[in-house]
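Subject: Handover of a structure

Dear colleague,

Please find below the structure that I am handing over to you. My findings follow it.

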Amino acid sequence: MTVDAQPIAKLSDLSDLGFAVVEHSELPAELLDLVDQVRGLVHAVARTQADTAVLAGAARTVAALTEQLGADPRPLGTMVHRTWPDGHTEYGTLSNIVAGPANPLAPPLELVRDGEEVRAEVTLNGLYEGPPGLVHGGWVAALLDQALGSASSMTGRPSLTANLDVNYRKPTPIGAELTVAARITGTERRKVFVSAEIRHHGVVTAEGTAVMVQVAVSRS
Ligand SMILES: CCCCCCCC/C=C\CCCCCCCC(=O)SCCNC(=O)CCNC(=O)[C@H](O)C(C)(C)COP(=O)(O)OP(=O)(O)OC[C@H]1O[C@@H](n2cnc3c(N)ncnc32)[C@H](O)[C@@H]1OP(=O)(O)O
């Protein structure tokens with residue numbers, strides 16, 4: 001991917017720019033089920049106390065599956081195109097670490113538009129632990145960054161985070177429903193100013209602001 005500094009056009013068809021694009025509605029249910037199962041597997045592995053024979057057998061099984069599933073991978077940068085009930089469409093990377101529908105390591109954060117905001121409800125399991133029982137600060141920032149990027153994309157133009165500022169106001173708990181919301185607060189030339197916060201039971205645990213810079217996209 002290359003970026004340039006020319007005036008930025010609205011995002012059109014990324015497949016015309018050489019990206020591999022899949023439609024969200026055409027992702028097989030079997031893939032989404034597998035992703036969910038693997039998500040559960042990773043969580044189970046992180047907490048297991050099984051005996052060594054079980055661990056060794058599981059490692060063999062997983063190695064065989066990895067070989068089978070890794071035989072013909074999609075290209076890095078594969079995009080997923082989604083059309084929402086209100087008719088707006090959006091692109092994201094299929095394996096985005098925070099929101100990618102095919103990434104078992106993504107919580108996933110499923111941001112939907114709600115008026116002038118993007119918003120998601122998410123519960124993070126023990127895989128996202130930093131301090132005991134609390135969400136890792138890097139992951140708090142990742143949730144905010146994703147929401148801020150998604151809010152910026154409401155302009156219809158792609159952008160990258162140039163600056164991200166995070167304030168951790170309260171501990172963010174593991175295993176509890178969190179609400180993540182973000183919106184655009186201003187624009188200036190190619191800069192899009194955005195703000196976001198994470199709430200637990202209505203209380204802000206973290207808030208962030210970002211300067212997103214709109215970029216032209218081409219596949220190199
Ligand atoms: C392109 C891909 C998109 C594909 C399409 C898919 C759509 C998907 C949609 C929705 C999904 C949402 C997914 C969100 C995921 C979360 C977001 C991320 O994780 S992004 C990854 C982390 N970020 C980077 O890797 C950026 C690395 N940095 C850069 O590439 C450059 O520095 C860049 C593009 C940010 C700016 O470089 P310049 O050369 O294009 O522009 P200059 O001239 O330097 O700056 C332009 C304006 O921005 C200000 N600016 C630049 N850097 C700034 C900074 N750090 N702080 C404040 N202002 C800054 C400058 O002062 C200038 O402002 P003045 O117009 O003159 O007033």
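Arg 189 is exposed, with 9 other C-beta atoms within 10 Å. Here a residue counts as buried if 20 or more other C-beta atoms lie within 10 Å of its own, as exposed if 12 or fewer do, and as partly exposed in between, with C-beta atoms placed from the backbone. Although Arg 189 is not a glycine, its phi is positive, at about 50°. Arg 189 belongs to the loop between E7 and strand E8 (191-200); helices (H or I, at least four residues) and strands (E, at least two) are DSSP runs, numbered from the N terminus. His 201, also not a glycine, has a positive phi of about 50°. His 201 sits in the loop between E8 and E9 and is exposed, with 10 other C-beta atoms within 10 Å.

Two points on conventions are needed. The model is a predicted one, in which local features need pLDDT of at least 70 and side-chain atom pairs count only at pLDDT 80 or more, while totals for chains, interfaces and linings use all residues. Residues are numbered from 1 along each chain as its sequence is written.

As to the strands, two of them pair if DSSP finds at least two bridges between them. An open sheet of 3 strands has the order E1-E2-E3, with mixed pairing. Its edge strands, strand E1 (21-23) and E3, each pair on one side only. Strand E2 (residues 79-83) pairs with E3 in the antiparallel sense over 5 bridges, and Val 80 stands opposite Gly 92 in E3.

In the loop between E3 and E4 one finds Pro 108, and the peptide bond from Pro 107 to Pro 108 is cis, with omega near -10°.

Strand E4 (residues 112-114) runs antiparallel to strand E5 (residues 117-123), joined by 3 bridges. Arg 113 stands opposite Val 118 in E5. The hairpin of E4 and E5 has 2 residues between the strands, and Gly 115 takes a positive phi near 65° there. E5 is also joined to strand E7 (residues 177-188) by 7 bridges, again antiparallel, and Arg 119 has Ala 181 in E7 as its bridge partner.

Finally, the ligand is surrounded by 22 residues, the closest being Gly 149, Pro 158, Leu 160, Ala 162 and Asn 163; a residue is near a molecule if its C-beta atom, placed from the backbone, lies within 6 Å of it. Strand E3 (89-93), helix H3 (137-152), strand E6 (159-168) and strand E9 (203-214) are the elements that give two or more residues to this shell.

Yours sincerely
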